[in-house]
Structure formats: structure tokens, C-alpha cells
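Dear colleague,

I am passing on the structure we spoke about, and my notes on it follow below. Please read them with the coordinates open beside you.

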Amino acid sequence: MPAHLLLISNIELKGTGDSIESIEIDYDNHRHSIPRRGKSLFQENFDQPLVARGNTISLLIIHRRRWHIGPKQAPEVIEISVREVLTKLPAQKFQTECHRLAITLGLSPNSVPDITGSSRDALRPTTEELLDECPRFRLLVIGQVMTSAVATQIISNDDIFVQPGVGKSALINRVFGIEQAFAQDSQPGKADIEKELIPQQNDRFVLHESKGFEVVDGVDRNGVKLFIEDRKKREHVKDKLHAVWLCFQIPIPGHGDRLLGDGAETFLKEDTSVLQDIPTIVVFTKYDRLLTFMRMQNEADPDAAAEQYLQEYCIRPIQNFDKDPKLSYVGLSSKPGCDQSLDHLIDITYEKVTETFEARLGAPSPVSVAALMAQRILPHLKIEGSIAVGKQSKHFCTARTINQNIHTPLEGFWRTLASSPSFPGHTIRECLRVIHTDIVSIWNFHDQSGHLGSESFQEVMVSMVGTIDESPRPSCSDSYDTITQDTAPLEPPTIVPFATGLASARWADDIYYYQMNNLHQSFMAYIVDLIHILEILFTLTANDNQWNLTRRAIQIAFNAYHYSKMRRYAHAQIRAFDSKVPGGDPVLDTVVSLVRTSRIDHVDIVGAVRSIILSEVGRYED
């Protein structure tokens, strides 16, 4: 397919005398008659430019018959090379003369000359640029080793080693969706804080484990301090520490537990200034044990009693040692069923990381993007990350402007869908592939087989977008609530290769240009559909995302969305969308509204398809 695009905004043909009866322009197997405007003038201005992608355009000229007798003459054909016309850019006019016919073509500035080589390769996902700066979220976990630590377990090269005792291993497993963080050694002082622990099941974060604080003479405490100071001096943001979790196990009354060992007390009194400018959260682990204790004490309100105990016997003592008002405190259990406290830890970590690094690096910062990629608990952060990257204004793409070839900053792929030629010379499919890659990267599934990035999955996504014309226009009384209130629980979808009845994906093979009829609606639908499908998939695999993602799980999520009223409503809203609404960026605003306004009840969806998942979706591919 040619990599050029000729947009003709007007045409003027001047002949001699009145010998010409009619003129047609032939382009890409289309013919269009040019109206006569005078004795020897044929001229037309096009509301929508004529789009020529082939190598030539032709003028078919019918001459009058003398005395109106004799057979009708074959048309005279004048062929014009599209490439020759495009050489006149950036001028907006092409003029030539042939067979005593003066030809003038008005050229749209959005015409695209032949783009080959590096300029076509410049269409690069924004996430790739962000990950070049910061490929992983770097977390330091500092924690006290309890004397009741469990015995060392069998380990392998792919395991993460986390000191046992305060529940850090289970915490890391749950937050980052890995199978098991094994204990490296039950003795304090054995963990190597310099070692970068990168799990095979989630390579978007790197863990540093602190040594225990119990070794005499403050050796380990000083080692932690020196490590933090060294990381603060690193030149590249990817090598700096991005957050610190300072973990302590909640002491249970009457059990002989201490909140702080001597080394921890000394660190809090003397050394926490080293944590300045690093997002730090104090994590009180095994909160479920405290709740159990309060229930056994027959407290009238065990939850309130536990909160009061946490404040009085955990938070306040640390505040007495350390006066830093920026420290945040979270009490949590990493056991299943206690997700609310984990949600709070992730939210507050992301909030502090964003506040710290966007002030230095701009929004979105590569650090905050890596952080939301790494976590595997909160789908709403994945949605917000998809939006932030979609709005990203740091991307550069080679585009021909009216004056010259230059690198032009794009205001984010989403932001320019209806207003500028963001993807010159590329097919629509190539443009969608970039958007697809960015969104899938944010969700960070354990997808070793690459199903979500495969051409087959992108093909069915393109085909789903083709169903947008089947969606009825919404009435003024419709709302997202009324459309989706009866969709949960969803009926378990039939497992088929992918939903049947999808539209043709041929429309995506055209070369992109922004004035194509309703093209922005197709892009909007693709973004909204993909994010909602990934949201469903994320929810369905939430407790199993340490295992490799299977094609069947993707099919279930895809079919659940395809057959839902949610999809039909979203498509109807997009189909009825008016991009000419004044003020702001209506395309971007509508996309953001539709991806944020999800009424999927995660519990109901999991309940509706659990039987299918358990019986049909294996942990490994067949």
C-alpha cells in the first residue's frame, strides 16, 4: 500500500473555446464529474477533500461532436502522477497544462508525501518512552525480624527473598501479584539490601529488602542509611528509590510482643531525616490478629477498639520518636478478604509517589506510571494511568507541516483524534496499534504468551468497533445507571473463539487522515472497549494473576463485554456524539467520561462467570 495521501480541496480546469462537453476526475476507482462554471471553465470546491491514495489521478475529457453527428468519442485521458503533485508541498497548489487545458489542483495541507524509513518508524508508544526512563517501580521494604520467624523455605532462582516475621512476604505477594515471596534467611543481618529482587511474574517492580535492626552496634541501621543516601545521589530516576515501606508488626497485648526493637527505635530517633524527599509509609502489619484479639475480648465494637489501639500503641509512639508530619500510617492485613487496607496502602503510596515525582518530572511522571503498572490490586489506578498516558504531551512524531518537515509535539494520542493529523502516512491499524500497546502496557498482565498484544486480539477489537453502527441512539431519558443496572450479574457467556457477529475490520487498513468521516468515533470506541475489557479481565484474574494469562480468560472477558448492555450503551453514546461542541476537547472529555463511568460490579461479574473460570480457564495454556 502506498505510504502517501493526496487530499484535493478544489479543482479548476480552463480550456479553450467551448469544445469540451464534460470533465470527470478518476481517482482510486472513483469518478466525480466537475461542473461547468463558464464557457471554458470547469471548477469545484470540495467540502470534504477528495482522497487519492493511488499512484495516479486521471482527467476524463469528453469533447463535443461536430454537427452532433457520428459516434460518441472516447474520452481523452490526462494522467497526473500523485507523487509529482505531492512534490509541490508545502505549497497548497499544483498547476500544469496539458492539451491546451490549464489544470489547477488545490492541495489540503494535511496531504502526506511518501513517508518511508525512519519517519514511518517514529510512531512509537508513549509507554515505551516512559519505560525507557523508568522501567520499574523501585521499592525499599524495611522491617523488623521477629524471634518467632518461620524456618527457611526451599528457594529457586526465580523466587523473591523476603525476611519473614512481620508479614512482608504475604504483603508483597498480594500487592504485586506474584506467587510466593520466600524467606531468604530466618536470621537477622542476612538479607542483602543491595540486591535487586525482580520477580519473573511481574517485572515492573524491583524490591530491596532491608537487614534487620537487631544486630548490635547499629551495623545494619547504618547500612540502611548508607544505602538510601547512595540511591538519592543516583543520576537517573530509574536508579533512585521511589518509595519506602517501613513495616512493623502490631504487638498484641499479653503476648510479649514489642512494637520496636532497639535498632528500630534508634533509627526513628536519629536517622529518618535520610528519608526526606522519598515517599515513606509506615505499615503496621497483621492487623487481622489485632481484630481477632479485640473480638475475643468481647469489645462492643471490635473495629473501633482496634483503631483506637493502633492509634495509641503504634502510631503515637512512632510520632514521639519521629516528628516528620509527612509520614503516613497504614494498618493492614495481607490475608484474602482484607483488601480494603491493601487498597489504602496502594492508593496512598501512588498519591505520594505522584506528588513527589511529578513536581520534578512533569505529569505523568515515568515513576508514577511504573508504580501503577506494578500494582495488581486496584483497577481504577490502571484506568487513570491509561487516561494519563493517553493525554501525554511529550510524544514526538514526524509530521509534515505547511512549511517544512519538522518534529511536532503531539498533545497525546487521545487529545488529537478529531482535531489534527496525528498519524500522517500510517494506516488506521498502525495508529490503533500504538494506542492498544499503551493501554495494554499500563494494565501489566502476566501475559508471557503475548495474547493481549497479538494481531489476532487486535483484529477482534477492531471488528468490535465496527459494530458501533448497530447501537441504537440513546434517548434523553437514558443514563449509564439505567442502561447497566440489570446487567449484573451477567449471564455467563458462551466460550467461543471470540464473539460472533463482529463487523469487518477492513476499515482499519485505510491510511489515516483526520477528516475521514466519523473516524474519531471509531478511535473513541476502540479506547473505551479495550479499557472496559481489560477492567473485566483484571477483576476476573485478581486472585490468580501470578499465573500466566490464558487465551480463554481473555475470551471470557471479551464476550462478557461484547454481549453486555454496557457495550451497547457506550457505542450508542459515541455514535450520537457531536465533536463540534464548542469549548475544551469534547472527544477527550467523552472518552474519559466513558472509561471512568464504569458500573461493573466486580463481585457480581466474578460470581457470574466463576463456574466457567474454574472449569474452563486453566492456569496454563492447553
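Helices H14 and H17 cross in a right-handed sense. Please keep in mind throughout that this is a predicted model. Two packed helices are described by the angle between their axes and the distance between the axes. For this pair, the axes of H14 (residues 519–540) and H17 (residues 586–596) come within 9 Å and cross at roughly 25°; since angles under 35 degrees count as roughly parallel, H14 and H17 are therefore roughly parallel to each other. On the H14 side the contact is made by His-520, Met-524, Ile-527, Val-528, Ile-531 and His-532, and these face a set from H17 that consists of Val-587, Thr-590, Val-591, Leu-594 and Val-595.

Turning to the sheets, I would begin with an open one of four strands, whose order is S3-S2-S5-S6 and whose pairing is antiparallel. Its edges are formed by strand S3 (30–34) and strand S6 (76–81), each of which has a single partner strand, so one side of each is left without a neighbour in the sheet. From one strand to the next the twist averages 25°. Within this sheet, strand S2 (residues 20–27) and strand S5 (residues 56–63) are paired in the antiparallel sense over six bridges, and Asp-26 has Ser-58 in S5 as its bridge partner.

There is also an open sheet of five strands, in the order S12-S9-S13-S14-S15, and here the pairing is parallel. Strand S12 (205–209) and strand S15 (328–331) stand at its edges, and each has a single partner strand, so one side of each is left without a neighbour in the sheet. Neighbouring strands of this sheet are turned against each other by 25° on average, with direction ignored. Strand S13 (residues 243–249) and strand S14 (residues 280–285) pair in the parallel sense over six bridges, and the bridge partner of Val-244 in S14 is Thr-280.

As for the chain as a whole, its secondary structure comes to 18 helices and 17 strands, and of its 622 residues 53% count as buried. Among the contacts between residues at least 6 apart in sequence, 74% join residues at least 24 apart. The accessible surface of the chain comes to about 28300 Å², and carbon and sulfur atoms account for 47% of that surface.

Note on methods. Residues are numbered from 1 along each chain as its sequence is written. This is a predicted model: local features need pLDDT of at least 70, side-chain atom pairs count only at pLDDT 80 or more; totals for chains, interfaces and linings use all residues. Side-chain values use heavy atoms; hydrogens and water are left out. Helices (H or I, at least four residues) and strands (E, at least two) are DSSP runs, numbered from the N terminus. Buried means under 20% relative accessible area, exposed over 50%, partly exposed in between (1.4 Å probe, protein chains only). Contact means heavy atoms within 4.5 Å. Accessible areas come from the Shrake-Rupley method with a 1.4 Å probe; for residues, only the protein chains shown count as cover. Two strands pair if DSSP finds at least two bridges between them. Axes are lines fitted to C-alpha atoms, for helices over the stretch in contact, and angles run from 0 to 180 degrees between N-to-C directions. Angles under 35 degrees count as roughly parallel, over 145 as roughly antiparallel, 65 to 115 as roughly perpendicular and the rest as oblique. A crossing is left-handed if the near helix is turned anticlockwise from the far one by less than a right angle, and right-handed if clockwise.
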